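Let's walk through this model together, starting with a sheet and moving on to the pockets.

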Amino acid sequence: MLATPGRPPDAPGRWAIEMKWDGMRAVCRVTRTWVELYSRNRNNVTGSYPELSAALAECAQGTDMILDGEIIAPDPATGAPSFPRLQQRMHLTRPTRELVKAVPVQLFVFDLLELDDADTTALPYAERRARLGDLDLGGAGVCVPPYWTDVTVDTMLDTAASHGLEGVVGKRLDSVYRPGTRSRLWLKTAIRQTTEVIVAGWVPSSSGGEREALGSLILGAYDESGRLVYVGHVGTGFTRAIRRTLLERLTALAAPDSPFDRPAQAWRVRGAHWVKPQLVGTVEYREFVGALRHPSWRGLRAEIDPTEVRLPI
């Protein structure tokens, strides 16, 4: 179940407010004999996070369950989730022991979908959270974060900002869990605007340095008619290493023609190297007025299907 961008009302007794964690969504199936973790697009990512599998097996204590949560990589200085740090783990199916130790991850569990073979998705949010709390899942690597029902949204946003968090998510206390649905019963309010984008091509750097180095990415998203359209370029937020890694992946996806269903203005895509529209990334931006203003690259999102990427609201 996915949240819709928006601001939840200040409605004590009707809405719960959670913090918005900057990580990778994960559904976890835990049984008495094994644990599996799945990304939003149903990829099995168990091998990428071996410490979480072990932690879930230990704290579940033989109880079968399906959990919904977020995998985060805390910043060692602030403790706040750091998506750039998580990027170091997201695309590896078998991380080395050294990397697991250097970039530890945690699982923040915020919903319970099944318990001992009983489907709990039809229960209201408040009851699912109560049952989740009764499981006492806290331990090394696993956390059940709190939620609030009697604090204003502004106070929660101020608190999120002061702790370096993304924003807040409001959830109706009586909301059932609808898998695969983006619902207005869950509303997410970001402090900084972020959106998913599809990488449609790239433009070489014009400032010298490495020959044919990546200068900027050409970005797209699907409109309401299902057409892939241009939404802008992004040329900031990259390290030199990220530029090299991205260029390797883009070279492997090279395409002879533009993937846009509605052509971008020629001057916007001059010098473009086109690619198959298969890579999804996240950018921060100031506003969207036909194109993204002041976007900054945050990283690839392997767990998101390109067909899900829509124009920013």
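This is a predicted model: local features need pLDDT of at least 70, side-chain atom pairs count only at pLDDT 80 or more; totals for chains, interfaces and linings use all residues.

Residues are numbered from 1 along each chain as its sequence is written, and side-chain values use heavy atoms, with hydrogens and water left out.

Let's begin with the sheet. It is open and has 4 strands in the order β1-β10-β9-β2, with mixed pairing. Strands here are DSSP runs of E with at least two residues, helices are runs of H or I with at least four, and both are numbered from the N terminus; two strands pair if DSSP finds at least two bridges between them. At the edges sit β1 and β2, each pairing on one side only. On average, neighbouring strands of this sheet are turned by 40° against each other, direction ignored. Axes are lines fitted to C-alpha atoms, for helices over the stretch in contact, and angles run from 0 to 180 degrees between N-to-C directions.

Now look at how the strands are joined. β1 and β10 run parallel, with 4 bridges between them, and Pro-5 has Lys-188 in β10 as its bridge partner. Helix α4 (residues 125–134) packs on the sheet, where it touches β2, β9 and β10, and its direction makes about 55° with that of β2; contact means heavy atoms within 4.5 Å. β2 and β9 run antiparallel and are joined by 6 bridges, and Ala-16 is partnered with Lys-171 in β9. Because 6 of the 6 residues of β2 are buried (under 20% relative accessible area, with a 1.4 Å probe and protein chains only), this strand is largely enclosed by the rest of the structure.

On to the pockets. A pocket is an open set of points on a 1 Å grid over the protein atoms alone, where a 1.4 Å probe fits, with protein on both sides within 12 Å along at least five of seven lines; lining residues have an atom within 4 Å of a point. The largest pocket holds about 1,100 Å³ of space, a volume being the space filled by probe spheres set on the points, which are joined across faces, edges and corners. It has 40 lining residues, and Ala-3, Lys-20, Arg-182, Lys-188 and Glu-196 are the closest to its centre. β10 gives the largest share of this lining, 5 residues.

The second largest pocket has about 570 Å³ of space. β3 gives the most to its lining, with 4 residues.

Methods
Buried means under 20% relative accessible area, exposed over 50%, partly exposed in between (1.4 Å probe, protein chains only).
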